[in-house]
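Subject: Structure for you to look through

Dear colleague,

I am passing on the structure below, and after it I have set out what was found there. Please keep the 3D view open while you read, so that you can follow each place as it comes up.

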Amino acid sequence: MSMDDCLFCKIINKEVDSEIVHEDEICVAFNDINPKARVHLLIVPRKHIAKISNIEEGDEKIMGHLIKIAKDLAERFECKGYQLLFNVGREAGQIIFHVHLHLMGN
Ligand code: AMP
Ligand code: ZN
């Protein structure tokens, strides 16, 4: 899937509505439309990377930033505990081919 028909690029560009809870120069975070936990956020890099297996040299800063923001959001939403998850590839259940970190907290 290219950037042009990518749902998460459209959310980042505000062409599709979502409930955004955080944005900065590197990433955007919004509520998952089908929450699997009390708090279920998706933390998405502005850079269109289809899946973790496509990350390149130089993407370390972006990927580290996603985890830092997940930690900040878990605190802000008062999660007692939480899971951080990347699905990588269709066979693992990835359905949106733009990298996203799931934060699922209770
Ligand atoms: P994955 O299976 O890792 O690709 O996860 C994709 C996630 O995106 C699922 O948890 C969906 O519920 C979520 N999702 C799909 N469409 C939207 C949308 N328009 N806004 C917010 N979350 C969405
Ligand atoms: Zn995209």
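By class, the residues that line the largest pocket are nine nonpolar, nine polar and four charged. Please bear in mind from the start that this is a predicted model.

To stay with that pocket for a moment, its volume is about 450 Å³, and its lining is made up of 22 residues, among which Phe8, Asp32, Ile33, Asn34 and Leu42 lie nearest the centre. Two or more lining residues come from each of the elements α1 (7-12), β2 (27-31) and β3 (39-45), and of the elements it is α1 that gives the most, with three residues. As for how such a space is found, rolling a probe the size of a water molecule over the atoms shows where empty space is left.

Next comes the chain as a whole. How does the radius of gyration of the chain compare with that of a compact globule? With 106 residues, a compact globule would have a value near 13 Å, and the chain has 13 Å, so the two agree. Along the principal axes, the C-alpha trace spans about 35 × 30 × 30 Å. Of the 106 residues, 42% are buried, while the accessible surface of the chain comes to about 6300 Å², with 52% of that area belonging to carbon and sulfur atoms. If you take the contacts between residues at least 6 apart in sequence, you will find that 53% of them join residues at least 24 apart.

Two residues deserve a look for their backbone angles. Most residues other than glycine have a negative phi. Lysine 14, however, has a positive phi of about 65° although it is not a glycine, and you will find lysine 14 in the loop between α1 and β1 (20-23). Glutamate 78 also has a positive phi, near 55°, and its place is in the loop between α2 (60-76) and β4 (82-85). Is glutamate 78 buried or exposed? Its relative accessible area is 65%, and because a residue counts as exposed when that value is over 50%, glutamate 78 is exposed.

Glycine 89 lies in the loop between β4 and β5 (101-105), and because its relative accessibility is 6%, under the 20% cut-off, it counts as buried. Although glycine 89 and lysine 51 are 38 residues apart in sequence, their C-alpha atoms are 7.0 Å apart in space. Leaving aside neighbours within four places in sequence, glycine 89 is in contact with Lys51, Gln94 and Phe97.

Methionine 104 is placed in strand β5, and with a relative accessibility of 13% this residue counts as buried too. From methionine 104 to glutamine 83 the distance is 5.1 Å, C-alpha to C-alpha, whereas in sequence they are 21 residues apart. If residues up to four places away are not counted, methionine 104 touches Lys36, Ala37, Val39, His40, Gly81, Tyr82, Gln83 and Leu85.

With best wishes

Definitions and conventions
Residues numbered from 1 in each chain as written. Chains lettered and ligands numbered in written order. Predicted model: local features only at pLDDT ≥ 70, side-chain atom pairs only at ≥ 80, totals over all residues. Heavy atoms only, no water. 1 Å grid on protein atoms, 1.4 Å probe; cavity = no way out; pocket = protein on both sides within 12 Å on 5 of 7 lines; lining within 4 Å. Points joined across faces, edges and corners; volume = space filled by probe spheres on them. Helix = DSSP H or I, 4+ residues; strand = E, 2+ residues; numbered from the N terminus. Nonpolar A, V, L, I, M, F, W, Y, C, P; charged D, E, K, R; others polar. Rg over C-alpha atoms; globule rule 2.2 N^0.38 Å. Buried < 20%, exposed > 50% of the residue type's maximum accessible area, 1.4 Å probe, protein only. Contact = heavy atoms within 4.5 Å. Areas by Shrake-Rupley, 256 points an atom, 1.4 Å probe, with all protein chains shown as cover.
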